[in-house]
Amino acid sequence: MNLTHVDRSTLKDQTVELPIQAVLDRPTVPATSRAPRLYVLDLLRFLAAMAVVAYHLLFADARETWAANTADLFGAPLRQAAGYGWLGVELFFMISGFVICMSSWGRSLSDFFTSRVTRLMPAYLFAVLLTASVLMLWPQSGEKAPDLRQVIGNLTMTQNLLQLNNLDEPYWTLLIELKFYLLFLTVVAFGVTYRRVLLFCMVWTTLALIAYSSDFKPLTLILEPRFASYFVAGMALYLMHRFGQSLLLWCIVGFSFAINAVMLDARIAPLVKAGVPMSWKASLALVAFFYILMIGIALGWFARIQWRGLATIGALTYPLYLIHSANGRTVIRHLRDDAPPWLLLCGVVGATLLLAYVVHVFVERPLSRALRDGLKSSFQKVRAASDSTEDTAGTVPPPGDQPAHRQPHPVS
């Protein structure tokens, strides 16, 4: 064939189809390469955690914690703003969908499992033991100190499935994260691609809506319809960040926002029923702001934010989230009569941040390293044993090594 006379129309069709197929069916970046770190995500995670801290220390059970109205101590605007800090959890879920989709690209099933366990468990185990010790020594007024059964159950991170109470209020979100990881394992098992993540987003959204409308408890327990669309929006925005905009991705993001807007009422209802003034419109405006921020990250609006110190701030987010609530409120109850409110509040927040840094450096890092090495070794043994079993099963022994079979008795 004369290569100098190739049909240009054929060449044009090939150059268009190959990149599209590559985008849909395989990662465009090898697993060994790393994309530039999105430092703005570290900042956003930290701000979400601080919003939750404000909610727990200044709004939730604040009169019992401070023995006074926090509007009188810190001003009505601050208390009112802190009252919407619970929405930081919704922002966490969006970020989680974005980050998990990003970090799982090009990873094997064992790598994904190892990364999630080493990320979640070290700080969590420390937080459970610390909080249990504090609540046993200084139990909250009107509540019993946690017993050993409750502590052991909380160490598994599945205490809600075991029908046990959370030792601390923020722990309820961790089981939802675990469910998301287990669901996303179905994608990781086959290899994370553009097409499979899209399919996962569509299927999860559809099944979550069916679970929500049917109120079928087993399906609702697995799919978490109240929060599924936050994760889905985060994943769709990561695809937009990695591969560019498309009408399909915008439709997924817009549909997810509509679902979140409707289901916000279910989140607000318990607060309103308890007599807490909470506006659906104000909550929706904040959720819309979260969407705008995440869209900005997907489209590269914050690419100039490259301060590496944000990585350290982001590393404090998880331990801060775990240890601030029950421990912080216990300290406030014991010192509220001896220290000015603003000084006590700043001291508790500062001490919690310092403790979060200590946990990150002296607990998370060494335990994560040890867990990672142990799990990698375990999976290597699993693969070796599996390969050995497959080789043995597929090998036919030579005739001389076959076991002798007893000859049948002649039939008379």
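## Surface and overall make-up

Accessible areas here come from the Shrake-Rupley method with a 1.4 Å probe, and for residues only the protein chains shown count as cover. On that basis the chain exposes about 22,700 Å², and carbon and sulfur atoms supply 64% of this area. The model is a predicted one, so local features need pLDDT of at least 70 and side-chain atom pairs count only at pLDDT 80 or more, while totals for chains, interfaces and linings use all residues. Residues are numbered from 1 along each chain as its sequence is written, and side-chain values use heavy atoms, with hydrogens and water left out.

The chain holds 17 helices and zero strands; these are DSSP runs numbered from the N terminus, with helices being H or I of at least four residues and strands E of at least two. Of the 412 residues, 42% are buried (under 20% relative accessible area, with exposed meaning over 50% and partly exposed in between, using a 1.4 Å probe and protein chains only). Among contacts (heavy atoms within 4.5 Å) with a separation of 6 or more, 77% join residues 24 or more positions apart.

## Two helix pairs

Two packed helices are described by the angle between their axes and the distance between the axes. Here, axes are lines fitted to C-alpha atoms, for helices over the stretch in contact, and angles run from 0 to 180 degrees between N-to-C directions. Helix α2 (residues 39-58) and helix α14 (residues 280-299) have axes that come within 10 Å and cross at roughly 165°. α2 and α14 are therefore roughly antiparallel (angles over 145 degrees; under 35 is roughly parallel, 65 to 115 roughly perpendicular and the rest oblique). The crossing of α2 past α14 is left-handed, a term for a near helix turned anticlockwise from the far one by less than a right angle, with clockwise being right-handed. On the α2 side V40, L41 and L44 take part, meeting L293, M294 and I297 of α14. By class this contact has six nonpolar, no polar and no charged residues (Ala, Val, Leu, Ile, Met, Phe, Trp, Tyr, Cys and Pro count as nonpolar, Asp, Glu, Lys and Arg as charged, and the others, Gly among them, as polar).

Now for the second pair. The axes of α7 (residues 109-137) and α9 also come within 10 Å, crossing at roughly 170°, and α7 and α9 are therefore roughly antiparallel. From α7, L109, F112, R116, L120 and Y124 meet L174, L178, Y181, F184, L185, V188 and A189 in α9. The residues of that contact divide into 11 nonpolar, no polar and one charged.

## The loop between α8 and α9

Q159 sits in the loop between α8 (148-155) and α9 (172-190). With 1% relative accessibility, Q159 counts as buried. Leaving aside neighbours within four places in sequence, Q159 is in contact with Y124, G153, N154, L164, N165, N166 and Y171.

Q163 is found in the loop between α8 and α9, and at 74% relative accessibility Q163 counts as exposed.

## Positive phi angles and a buried glycine

Most residues other than glycine have a negative phi. Q163, although not a glycine, has a positive phi of about 60°. E224 is not a glycine either, and has a positive phi of about 45°. E224 lies in the loop between α11 (217-223) and α12 (228-243) and counts as buried at 13% relative accessibility.

G88 belongs to helix α6 (residues 88-103) and is buried, with a relative accessible area of 3%. G88 and A49 are 39 residues apart in sequence, yet 6.5 Å apart in space, C-alpha to C-alpha. Not counting residues up to four places away in sequence, G88 touches A48 and V52.
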